[in-house]
Amino acid sequence: MKFTKPILTTMALSLSATTSLADGHMASDMTLVSWGGAYQSSQINAYADPYVAMNPGVTITWDESSAEAVAKLRAMNEAGSITWDVVDVVAADALRLCDEGLAMEIDADEILAPAPDGTSASDDFGDLLVGDCFIPQIVYSTTFGYRTDMVPAGVEAPNDICDVFDLETYPGMRALEQRPINNVEWALLCDGVAKEDVYDVLATEEGQEQALAKLDTIRDSVIWWSAGADTPQLLADGEVFMGSTYNGRLFAAIEEQGQPIGMMWDAQVFDLDGWIIPEGLSDERLARAKDFIYFATDTQRLADQAKYISYGPARLSSAPLVGQHATLGIEMAQHMPTDPANAANTFLYNYEFWADYRDDIDAKFQAWLAQ
Amino acid sequence: MSDTTGSGPMLAADGRPLKESLGRALRRQKLRALALIAPLLFFVLLTFVIPIVSMLIRSVDNEIVENTLPGAVPALAAWDSATQDLPSEDVYQNMFFDLFNASEARRHTRLGSRLNYETTGLASLFRTSGRNMDSIGEVFQDAIEDVDPRFEDGAFWYAMMNGTGGDAMLEMRRARWENLMDQDMSADIGFMPSQAIIEILPTTAAAYTDWAIWTVIDDEDVVSEEDPWESVYAALAIDLRNPATGPALTAYQGPGADALQALAAADLPELTFTEAFLDLDEDWGDKEVWETIVVYSPNYTAGYFLNAVDAQLTSEGVSMRPDNQQLYIQLFIRTLQMSLIITGSCILLGYPIAWLLANLPMRTANVLMILVLLPFWTSLLVRTSAWKVLLQQQGVINEILVWLGFVDDANRLILMNNSTGTIIAMTHILLPFMILPLYSVMKTIPPTYLRAAKSLGATNWTAFWRVYFPQSVPGIGAGSILVFILAIGYYITPEIVGGTDGVFISNRIAYHISSSLNWGLAAALGTILLVLVMALYWCYDRIVGIDNVKLGG
């Protein structure tokens, strides 16, 4: 690869005059929005670099604004000038953007590639096509990591979500995200509510109070995080015994940095991350955005991304193609949240529920925190 | 000078009255002065006044409800929630057409998100219902097309509906679309509703006109070549239910008259829109849903401001939220308290340093000055993160205390993720804003005054307290205002080290701007914060006097 890159660059330079003619109906500049860090690198390696290699003359600019994408897109929309072409957001934000009319509605079979065996895109992505605007890329999960050296002597390492709420057996600080989503589900689950009833219970005032009351039992032992990097850092510093974060962050801390951290996959919450195309692009830019998305979400590209980060590809057909980590050389399949050994007990983020209840429960959650 | 002898007005050299001439010269001077400051004025207007005004407007603006439901909102005026259980069929019928149009334009979900801030569940109610509006219309479409297949043909519809005299209807429907879409929809659409049809089939004409405008302007199609929306068929069925329509149709001679007359005689579905909506989602039979729409139907609302002070607007009037949902007043009070504590600690720490700076020999003072300014030149995030490293339980400070034996290893101090962390980090970050004005004021206090006081027999303390300190008060005033006003709006430091009881109101504003997208509430909270700061400034002016504030010599 190292040799081909400069060659491709020179080719790109010499060909740019002809390609701009050939691609006359597509814009040659494209702004992609993502999260920065290891995740964006995996996208650059798996999608963007190969795409530019195939389409010399296309320049891709990255904007690390995904965390504020919803607000920024709304501001752009109000100002009447959309500067982003393809935006990476979590599914809940995609749903919100779709509701606000800020993301374009898509027809999966029309704009996404079918699987190599001919299965249509909508079947290949299946249930993961959440809402009308979202194009899934990866499945990630919010799960717990714990300090292996802080497990009390003679006690089994935590392997049950309720160990988080068990301060007697597992004393120490916990890191939880400073929002109700996930935390209230875990709290109810460990307060005797059956998994299938969790959202029915949460829809009631009493259920919400029950969840907060359960969280109250560990409240003094919780550090609340707001950025995905917080928990791995807190674990690495020994500030907390266990903490929730995205599984890819824990993978990096364990495998790449060699921290004494263990994974606890029980009751991990699956969530999706993917692309949306903003509403209101010009025809040329839209054509380019669609062309990129068609390429970047095909079976091979999604499988390639798993070489760089431990998130599961959103296509069924990509799973068998997941190979080894690009630099560490370890098999990635067993580190995927979707691996059967890890996915014995899982939750899928309930988008419909949280789109309705997010503001309400968040207000109660924050009021509870402020007490 | 000869002019003065006359009885007329004093004249200038060019023969004009002196007063006028002077006035003109002054005006020119004023204009020139204005031109000089024009760039700055323009800049201030653009970056300061306009955003603040737009924030104020946003905190009360509520046009989205009536713009999205232009039919249902006026119809709901007749509904009395105290005596009637559910709104009338007329309301449901209007709701159908409003939601149908809104969902074609993808605006129904926006309204759902807006109303979901007030009543949980409305987001999904509007999302799923909007999507299903065409299925209600299809019931009528299928029945009508069964009676006469000509109704499947766009050209047939066009011939029937197109005519002359419907300008008023066309303009009214256009205005509705423009309100909904917030964009110009005035282009020619090659269609004019026929006055004859409007008189006999008013609902149909309105629905067809809505569809025609959208088809031409948004879909960029030709009206006569496209098939109308399902809502047009539903409208036709509604018109035919009116007992006056049948007789009126028998007299009608225009295009499609026979088809319409046959239709009037045929049996069309009896489905009422109330049934259709309740069938779609039982929440449409929930009084609370309709009450929310009524309460939030005016174009301007106090709802955001009420939310911002832990109150709520319901159909029964204004009431406080339940205890477990009260948040903002507490946060406002905490923000003010902690800002005061931070200002106080800045005075305590900054005063001696400023005194040293002002009184040490130049060389030493310069080194000290660099130490004061150094944090200024470092990124705010870096400084705050550095405090994290220092303050955490396994951090530098705790390690040292444990090593020295002051603190037990098992009971390390909790210095961050609480208000202590915020106060420590923010005091450090804002300290230069206290030291610099203090220093510049102290620099101007002649050292001879102190010496004079002492030579007259004052003790060190009296000399300081009675002579030096009063002269340094303007510096304290300036520093306090700076630190306090900066602190009250601080966001990033409390976010990083504040944990739960160390966060400020700004953190909630940021949440509503970037995460919940409830910009109206964020604007209301911001406006309250602005008013609070201005009120405190006014108090300060009355008590201390703003003339006593000095930023420098």
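Student: In which hand do β1(A), helix α2 (residues 37–54) of chain A and β2(A) make a β-α-β unit?
Tutor: This is a predicted model, in which local features need pLDDT of at least 70 and side-chain atom pairs count only at pLDDT 80 or more, while totals for chains, interfaces and linings use all residues. Residues are numbered from 1 along each chain as its sequence is written, and chains are lettered from A and ligands numbered from 1 in the order in which they are written. Helices (H or I, at least four residues) and strands (E, at least two) are DSSP runs numbered from the N terminus. With the strands pointing away from the viewer, a clockwise path from the first strand over the helix to the second defines the hand, and the unit of β1(A), α2(A) and β2(A) is right-handed.

Student: Which residue of β2(A) is the bridge partner of A:Leu32?
Tutor: Strand β1 (residues 29–33) of chain A runs parallel to strand β2 (residues 59–63) of chain A, joined by five bridges, where pairing asks for at least two bridges found by DSSP. Within β2(A), A:Leu32 has as its partner A:Trp62.

Student: What is the bridge partner of A:Val33 in β3(A)?
Tutor: β1(A) also pairs in the parallel sense with strand β3 (residues 86–90) of chain A, over two bridges. There, the partner of A:Val33 is A:Val87.

Student: Which helix gives the largest share of the side of chain B that touches chain A?
Tutor: The contact (C-beta atoms, placed from the backbone, within 7 Å) takes 27 residues from chain A and 32 residues from chain B. On the chain B side, α5 (108–116), α6 (122–147), α17 (328–359) and α25 (505–514) each supply at least two residues. The largest share, five residues, comes from α5(B).

Definitions and conventions. Two residues are in contact if their C-beta atoms, placed from the backbone, lie within 7 Å.
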